[in-house]
Amino acid sequence: AVGVQRLMSTKTDGINTITIFGAGLMGAGIAQVSAQAGLKVILTDVTDKALENGLNIINKSVARVGKKQQPDDIEGFTKKVLANITTTTDAEQAVSSTDLVCEAIIESIKVKRDLFAYLDKKAGANTIFASNTSSLGISEIAENCTEERKALFGGLHFFNPVPAMKLVEVVRTDKTSEATYQALFDVTKRMGKVPVACKDTPGFIVNRLLVPYLLEAARMIDRGDATKEDIDIAMKLGAGYPMGPFELLDYIGLDTTQFIADGWVDKAKAGVLPEALVEPTSSIVDLVNKGELGRKSGKGFYDYTKK
Ligand code: NAI
């Protein structure tokens, strides 16, 4: 009964301050869309250099938005958005007074679990916790938090590039309270995003369907069923996809896709996913072993160095 009372008094309808852990590609994007929505943003990372990197990403991206939304005064627009963002490397201070923690640090279950266990002790009793993980379970990440916090814990899965991609998957575990879920849903709308509701299952909605499709495309070339060029043309012109599977694999990064697939092997063994979905593909594994990871390394299924 005490738990219920606490939940009912939870200040979940007004998220005004968001603390973001991780000032990398995703964290910077989430900070930007939050600041543009008028939220007070506290951006956190482990080093000043990482924070500087995040602010650089935000600066460039906000200027691009300003160019469209306020072409007469891009500088004014940028200034106004950036005024909503403060930075710190002090994790304790970053959560001392905040409504929502959104985590976008490295994809490691141990590091995420430890961070949230620590933050659970430092943050206010009503602070909502969310992870932007792509491939880990939200319940597993929340495992070392108190039962009270687990009711305030959910997933906020943004897509890259955050300022451009409209979708956010709002993930609820068996323990996420209705009020928490509603608050997460509402805050993404305030950011100008379109939220969808998902359970805490591997890959949520998008990656659960996308990753098996990408892996099967790679297995098609393993088997010699078709060429990568023809498969890309076929899916663009036959299924109406904006990118073919190999173009998309190169964009996402082959190491990232492989990492998700490897993480799912254990889930398949546990019977949570069909084994066939995670069957290894030699074409992806071979490229990853050669360091050809896609666009970011200059080469993947296609060569980007010539353009
Ligand atoms: P990234 O490598 O660009 O950035 C991660 C940042 O976290 C780095 O700046 C690092 O210094 C920082 N960090 C590491 N440990 C930390 C800690 N204990 N406290 C504070 N900061 C810490 O990574 P990226 O791509 O932004 O991914 C972050 C998360 O978002 C991962 O969980 C990833 O799975 C997820 N994600 C990534 C997507 C993508 O397309 N890259 C899409 C959707 C989700």
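How many bridges join strand β1 to β2, and in which direction do the two strands run? In this predicted model, local features need pLDDT of at least 70 and side-chain atom pairs count only at pLDDT 80 or more, whereas totals for chains, interfaces and linings use all residues. Residues are numbered from 1 along each chain as its sequence is written, and side-chain values use heavy atoms, with hydrogens and water left out.

Strand β1 (residues 17–21) is joined to β2 by five bridges, and the two run parallel; strands count as paired if DSSP finds at least two bridges between them, and strands (E, at least two residues) and helices (H or I, at least four) are DSSP runs numbered from the N terminus. Within this pairing, I18 has V41 of β2 as its bridge partner. Strand β2 also runs parallel to β3 (residues 85–88), to which four bridges join it, and L43 stands opposite T87 in β3. Of the five residues of β2, four are buried, that is, under 20% relative accessible area with a 1.4 Å probe and protein chains only, where exposed means over 50% and partly exposed lies in between.

The loop between β2 (40–44) and α3 (48–69) holds T47, which is partly exposed, with a relative accessible area of 39%. The C-alpha atoms of T47 and A35 are separated by 21 Å, although the two residues lie 12 apart along the chain.

Domain 1 (2–199) and domain 2 (207–294), whose bounds come from an automatic or database domain assignment, both give residues to the lining of the largest pocket, which therefore lies between them.
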